[in-house]
Amino acid sequence: MLEKLTDTFSNIVRSISGKSKISEKNIEDAVEEIKMALLEADVNLRVVRRFVNSTIEEAKGEKVLKSVNPGQQFVKIVHDKIVSMLGDSKQDLHLKGPDTTSVILMIGLQGSGKTTASSKLAAKLKKEGRRPVLAACDLVRPAAVEQLSVLGEKIGVPVFKENSKDAVKNAEEALSYAKKNQFDTLIIDTAGRLQIDEEMMAELVKIKKSVKPDETILVADSMTGQNAVDIAKTFDEQLEISGIILTKFDSDARGGAALSLKTITGKPILFIGTGEKTEDFEPFHPDRIAGRILGMGDVVSLVEKAQETVNQEEAEKLQRKMARNEFTLEDMLLQFQQVKKMGSVQSLVEMIPGMQAQLGNRELDTSGMKKQEAIILSMTKKERQNHLIIGPSRRKRIAKGSGTSVAEVNKLIKQFEKTKLAMKKLSRNKGLQGKLMSQLGGGNFDMSKLGSMF
């Protein structure tokens with residue numbers, strides 16, 4: 001995500017962060033590069049001007065030019081300005097307690113991913129202990145009700161639907177149903193259009209007046225750049241939105257919408273859609289996204305993903321095996337599967353500091369991991385548990401069964417032996433674990449969860 005912007009900013013950071021002395025000329029040149037990068041990323045012109053002026057004003061002060069690490073001070077200013085552009089801090093939903101029903105009204109144009117975002121939000125709230133129910137009030141788009149029903153069944157969240165042609169009446173009855181059945185959150189999926197029109201707005205205004213939502217969330221396609229900003233402004237003027245969900249964020253190479261929305265509308269980005277799966281839905285952390293844009297990674301999000309994915313008991317068991325040098329190919333297969341649960345490998349790479357810079361413009365080749373997984377799956381259980389018994393004839397059989405070559409099987413086994421040794425060292429090196437934890441700001445995270453995966 002935001003690849004073009006990240007490449008440019010990473011280069012600027014590398015060129016200036018290590019300088020022991022910087023001049024006003026250095027600052028002006030760097031800011032000019034940043035300005036061009038933001039304009040190419042389709043960031044709103046007013047936002048770019050404000051960013052450039054405030055950055056130059058602060059960076060030319062004595063605090064930067066006469067500091068011990070002026071380059072790093074400048075990078076910090078740029079980071080803080082980007083965080084400010086994105087919204088300063090993570091914003092949470094403002095919902096009532098579990099004894100009453102909170103209403104979330106989902107609005108947006110057709111094709112923005114509103115129905116999918118509604119189901120993802122429902123799944124997230126359910127995971128957090130709430131009792132959500134979805135309401136199918138998009139009576140315009142063909143099969144919209146059916147799509148929501150399928151998604152609701154998939155995540156185990158009920159969907160309220162009526163045969164009525166009146167979306168306002170449906171929303172009212174959905175609220176009555178939610179209250180009667182003690183659901184604490186009602187998420188209403190509404191109809192969109194290919195473009196904003198009076199009929200759509202009139203219907204949405206009536207629904208909002210009728211159900212009095214706690215949150216009115218605009219779902220916008222981040223790929224549309226400045227169009228998303230213009231759409232948000234129009235919806236806000238008519239319906240007073242409380243927040244925004246940006247979909248297709250994983251496919252957004254530019255970032256114009258994300259960097260412009262908060263400044264132009266004053267409304268926060270609450271969540272981002274980062275893929276097609278239900279779990280590809282994240283709270284929007286301005287500081288973490290700023291870190292990714294500057295090529296600094298996002299280790300905190302990486303750790304959180306690991307915490308959500310890895311079973312505590314399994315992690316402790318694996319840590320003991322690593323310490324005793326009993327790590328097996330079966331354990332390695334389990335790690336591959338757990339990494340896949342955490343999301344796309346490319347998204348994980350973006351969270352590791354410096355990794356994307358090493359790749360440059362090249363896309364990460366994940367075919368190697370798929371081959372390795374196929375090779376291990378072609379082994380017997382005994383072979384996975386003891387790789388030392390895998391002689392020439394077995395290697396030939398495994399290669400044939402996995403559609404690979406004997407050379408690739410040999411390569412995997414050698415890599416496994418190196419990984420096994422590295423994991424043994426990591427599990428015993430408390431100093432290294434402590435250093436990494438201090439960089440993450442402390443906490444009780446078990447390093448075997450993260451360390452065993454990479």
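Predicted model: local features only at pLDDT ≥ 70, side-chain atom pairs only at ≥ 80, totals over all residues.

User: How many helices and strands does the chain have, and what share of its residues is buried?

Analyst: The secondary structure comes to 23 helices and eight strands. Among contacts between residues at least 6 apart in sequence, 74% join residues at least 24 apart. The accessible surface comes to about 22300 Å², with 49% of that area belonging to carbon and sulfur atoms. Of the 454 residues in the chain, the buried share is 49%.

User: In the largest nonpolar core, which residues touch the most other members, and which element gives the most to this core?

Analyst: In soluble globular proteins, nonpolar side chains tend to be buried together. Here the largest nonpolar core holds 73 residues, and those touching the most other members are Phe9, Phe74, Ile82, Phe235 and Leu246. The element that gives the most to this core, with eight residues, is H5.

User: How many residues are in the other core that lies apart from it?

Analyst: Among the members of this other core, which lies apart from the largest one, are Ala117, Ala122, Ala123 and Phe281. Its number of residues is 20.

User: Is Ile375 buried or exposed?

Analyst: Ile375 is found in helix H18, which spans residues 367-377. Leaving aside neighbours within four places in sequence, Ile375 is in contact with Ile398, Ser402, Thr404, Glu408, Val409 and Leu412, and its C-alpha lies 7.7 Å from that of Gly401, a residue 26 places away in sequence. Because its relative accessible area is 2% and the cut-off for burial is under 20%, Ile375 is buried.

User: Which residues form a nonpolar patch on the surface together with Leu45?

Analyst: Leu45 is found in helix H3, and with a relative accessible area of 45% this residue is partly exposed. The patch has about 240 Å² of accessible area together, and the residues that form it with Leu45 are Met36 and Leu39.

User: How far apart in space are Lys60 and Ile22, C-alpha to C-alpha?

Analyst: Lys60 is found in the loop between helix H3 (45-59) and helix H4 (62-65), where it is partly exposed, with a relative accessible area of 25%. In sequence Lys60 and Ile22 are 38 residues apart, while in space their C-alpha to C-alpha distance is 9.8 Å.

User: What is the phi of Ala143, and where does this residue lie?

Analyst: Phi of Ala143 is near 70°, a positive value in a residue other than glycine, and Ala143 is partly exposed, with a relative accessible area of 48%. Its place is in the loop between strand E2 (132-137) and helix H7 (144-155).

User: In which loop is Asp88 found?

Analyst: Asp88 is a residue other than glycine with a positive phi, near 70°. The loop in which Asp88 is found runs between helix H5 (70-86) and strand E1 (102-107).

Terms used:
Residues numbered from 1 in each chain as written. Heavy atoms only, no water. Helix = DSSP H or I, 4+ residues; strand = E, 2+ residues; numbered from the N terminus. Buried < 20%, exposed > 50% of the residue type's maximum accessible area, 1.4 Å probe, protein only. Contact = heavy atoms within 4.5 Å. Patch = residues over 30% accessible without salt bridge, like charges linked within 9 Å, V, L, I, M, F, W, Y side chains within 5 Å. Areas by Shrake-Rupley, 256 points an atom, 1.4 Å probe, with all protein chains shown as cover. Salt bridge = Lys/Arg side-chain N within 4 Å of Asp/Glu carboxyl O. Core = buried A, V, L, I, M, F, W, Y, C linked by side-chain atoms within 4.5 Å.
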